Amino acid sequence: MFYRENGQFKTSYAADQQIFTIAQDKWFVWGLIAFAALAVPMLADEYMFRAILIPFLVLSLAALGVNLLVGYCGQITLGAGAFMAIGAYAAYNFMVRIDGMPLVLAMLLGGVSAAAFGILFGIPSLRVRGLYLAVATLAAQFLCDWAFLRIGWFTNHSSSGSVSVAKLEMLGWVIDSPTEKYLFCLAFVIAFAFIAKNLTRAAIGRQWMAIRDMDVAAEVIGIRPMFAKLSAFAVSSFFVGVAGALWGFVHLGSWEPAAFSVDRSFQLLFMVIIGGMGSIMGSFFGAAFIVILPIFLNQFLPLLGSLVGVTVSTAGISHAELIIFGSLIIFFLIVEPHGLARLWSIAKQKLRLWPFPH
Amino acid sequence: MKFRNLALAAAIASVGLSSAVFSTAAQAQAQDQFFPVLVYRTGAYAANGNPWANGYVDYLKPINAQGGINGVKLTYEECEFGYATDRGVECYERLKGKNATLFQSLSTGVTFALTDKATVDKIPLITAGYGRSESQDGSVFTWNFPLLGSYWVGADVAIQHIGKQEGGLDKLKGKKIALVYHDSPFGKEPIPLLQERAKMHGFELQLLPVAHPGVEQKATWLQIRRDRPDHVLLWGWGVMNSTAIKEAQATGYPREKMLGIWWAGAEPDVKDVGAGAKGYSALTLQHGAEPNSKVVKDMLAMVHDKGQGTGPKEEVGSVLYMRGLISAMLGVEGVRQAQERYGKGKVMTGEQVRWGLENLNLDQGKLDAMGFAGVMRPVQTSCTDHMGSSWVRVHTWDGSKWAFSSDWYQADDKVLRPMVLEAASKYAAEKNLQRRTAEQCAQ
């Protein structure tokens, strides 16, 4: 009833090429951004910001980067954690070694460093595919784990191998309260989500998708596989690197290489698979599922227990959390193998007919 | 139909989520002194995390029955983080909102992450026997309290003990000492001090990292078999310790030549190996296994005999149980000391507890009265010294239990102090912090 495009006529090419061709979609997204930027800072408390919203935003950005590579270009990667680490440590080194380095520039340079390494580790993708490529990208993960643990220069010769950043400041704006940190991350995420959306609609995104769907056919119609694959690695690693810098600088404040271990790489890949491959929205759904659900279960189960008069032990909650989380992953993958984003688009389809399905 | 159910479930879940999250934040209570308890009862380190958590909680339980701290009741809540730094930070944020008195993270990684946050939130961070060694310097690390000892104390005493075994520190010249360490901030902490000592005495330090969680050490011990170091220092935690001892047994390295840090010297580390670990020694953070001390008997009488024990009864008095107990005691005594200044019978804020911890003065009389006779030595902190004590003993596994095998040692301040000052100054410079002056200390 409310969600239908009847009567919305496109009279120009510009109108036809909008990101959201349906007016309701456009309003919804603007409304969502306005809600996130204006209403959430007033509603949420410190715990929501620091423990839930900021990690969610940063990992969404990382999942978005991985989605560009895995979902749009079809190159499976298990090195995302490594590229996050490169982004974080490179940004840290730019900040420490160059006096007066602006924060945002350092983070973007962190992303550029990650992109450079992404291209390097993307080279095997020209020869190997699928699971073999996943194993090849694991090399990046192990190399980075080793380098940031062993080479003192990267950590500014910190004796414990743990680095920490000083005050965050941008053009005289000191980012220290949770709300400011949240808005800082939000600005990054919105900007990068729009960039990602537009990249995937542009020539380069179509090349990636052509490679994903059938690389031989893509080559026959004149797409250069080397350029398409390596550009996907570069852009994806750039996104992931910036996310890594945000994770280190804004969320953790001080970190050790374990913050970007192989577990993180798996987590990011699962976000993409559960959220929906080849979907911008899916990256956010996946991040929400992986970041928020375990914390929610951890707090919800004791409440549930107290409702029925059972005190659950701390260890019991923790085990139950893993069991339920695991079964939910299986449940969603069975119900909708194309991810949560697919459910979202089915919902939109149904909404068009609602309330009179047939 | 299927979709409608799904949508319904999702809607219910999201409502539940927001209510759960908001309600926890709103529950802040003002009348009770709230002790957050960060624990890991699951995961790779659960075997060691469990007794610590049980001791910690057991100590808090009878305090209310005895009228609380000068009448102030205690409440506590556990939060499980599985030794994962990000979940630990989440726990911190969750429990902070409930007027947390102080935090004890039991993880060096979490300590590093919380050091910056605690300063902003004005909540003291007790890291009894772990954390950053340089945080002993309280004039820079205002909110960190590595009470009873840091890893540099441990490393210093380890070298002193080895020196004594060799017949004097000068005999260490030309010897080879290997450090088998957990490859994390925890394991790397002692390296600067060991390097300093290596320079002083002319021994060779061999660094052998072991990746988390430490079940794969074949390569490390093959290296030890090849190089035959004169002594092996074990800086491990959890399953890494028992694996190391098993590997030592397999490669035939004498357990008598191995010395562990206090986190590598508890029952779960050696029990599986049993007789094979005989002769293995470890440092103690003042206390060891103390099944006959008064405080243990009190715990059995006041908690376990009433059926309120957190863990199994057999574990009361074991090494890590005692460490949890003592950690809780230090926190409670910090609150008690704060009440001396800010008003007895009042709930203390984080800032007030910080003052209490900074002016902690547990002399032998007080400790004996609490039942810690023979367990602990006096602890006195100050603005510049947040550690309060650097006494260490060594205990040895005789195949079935831990028994003390050395006198009391104290870390050499001549070695320790300059290093602490230098590292703390470096940290202050990185963070643009000013050292607290004498007047600020007096406040």
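Which feature does UniProt place at residues 36–398 of chain B? The UniProt record, an unreviewed entry, gives "domain: Leucine-binding protein" for that stretch. UniProt positions are given here in the numbering used for this model, feature names are shortened, and annotations may be inferred rather than shown by experiment.

Good morning, colleagues. This is a predicted model, in which local features need pLDDT of at least 70, side-chain atom pairs count only at pLDDT 80 or more, and totals for chains, interfaces and linings use all residues. Residues are numbered from 1 along each chain as its sequence is written, while chains are lettered from A and ligands numbered from 1 in the order in which they are written.

Let me stay with the annotated span for a moment. Helices (H or I, at least four residues) and strands (E, at least two) are DSSP runs, numbered from the N terminus.

I turn now to the strands of chain B. Two strands are said to pair if DSSP finds at least two bridges between them. Strand β5 (residues 176–182) runs parallel to β7 (231–235), with 5 bridges joining them; within this pairing, Tyr181(B) has Trp235(B) as its bridge partner. On to the next pairing: β7(B) and β8(B) are also parallel, over 3 bridges, and Val232(B) stands opposite Met258(B) there. Strand β8 (residues 258–260) pairs in turn with β9 (residues 281–284), in the parallel sense and over 2 bridges, where Leu259(B) faces Ser281(B). With β12 (residues 391–397) the sense is antiparallel: 4 bridges join that strand to β9(B), and Ala282(B) is bridged to His395(B).

How many of the residues of β7(B) are buried? The count is 5 of 5. A residue is buried if 20 or more other C-beta atoms lie within 10 Å of its own, exposed if 12 or fewer, and partly exposed in between, with C-beta atoms placed from the backbone. In a regular strand the side chains alternate between the two faces of the sheet. In β7(B), His231(B), Leu233(B) and Trp235(B) are buried on one side, and Val232(B) and Leu234(B) are buried on the other.

Helix α13 (residues 350–358) has 8 of its 9 residues buried, so it is largely enclosed by the rest of the structure. Among those buried residues are Arg354(B), Trp355(B) and Glu358(B). The cover over them includes β3 (125–126), β4 (144–145) and α12 (319–342) of chain B. Here, two residues are in contact if their C-beta atoms, placed from the backbone, lie within 7 Å.

Helix α9 (residues 239–251) holds Ala248(B), which counts as buried because it has 25 C-beta neighbours inside 10 Å. Setting aside neighbours within four places in sequence, Ala248(B) is in contact with Trp221(B), Tyr253(B), Arg255(B) and Met258(B).

Two loop residues of chain B deserve mention. Most residues other than glycine have a negative phi, and most peptide bonds are trans. Asn99(B) has a positive phi, near 65°, and is found in the loop between α3 (85–96) and α4 (108–121). Arg228(B) has a positive phi too, near 45°, in the loop between α8 (218–227) and β7 (231–235). Are these residues buried or exposed? Asn99(B) is buried, with 21 C-beta neighbours inside 10 Å, whereas Arg228(B) is exposed, with 10 other C-beta atoms within 10 Å.

Finally, chain A and the interface. Two packed helices are described by the angle between their axes and the distance between the axes. Axes are lines fitted to C-alpha atoms, for helices over the stretch in contact, and angles run from 0 to 180 degrees between N-to-C directions. The axes of α2 (residues 23–43) and α7 (residues 178–201) of chain A come within 11 Å and cross at roughly 175°. The two helices are therefore roughly antiparallel, a term for angles over 145 degrees. Their contact residues comprise 8 nonpolar, 1 polar and no charged. Ala, Val, Leu, Ile, Met, Phe, Trp, Tyr, Cys and Pro count as nonpolar, Asp, Glu, Lys and Arg as charged, and the others, Gly among them, as polar.

The contact between the chains takes 33 residues from chain A and 36 residues from chain B. On the side of chain A, α3 (46–72), α12 (280–307), α13 (314–335) and α14 (340–353) each give two or more residues. By class, that side has 17 nonpolar, 11 polar and 5 charged residues.

Terms used:
Parallel < 35°, antiparallel > 145°, perpendicular 65-115°, else oblique.
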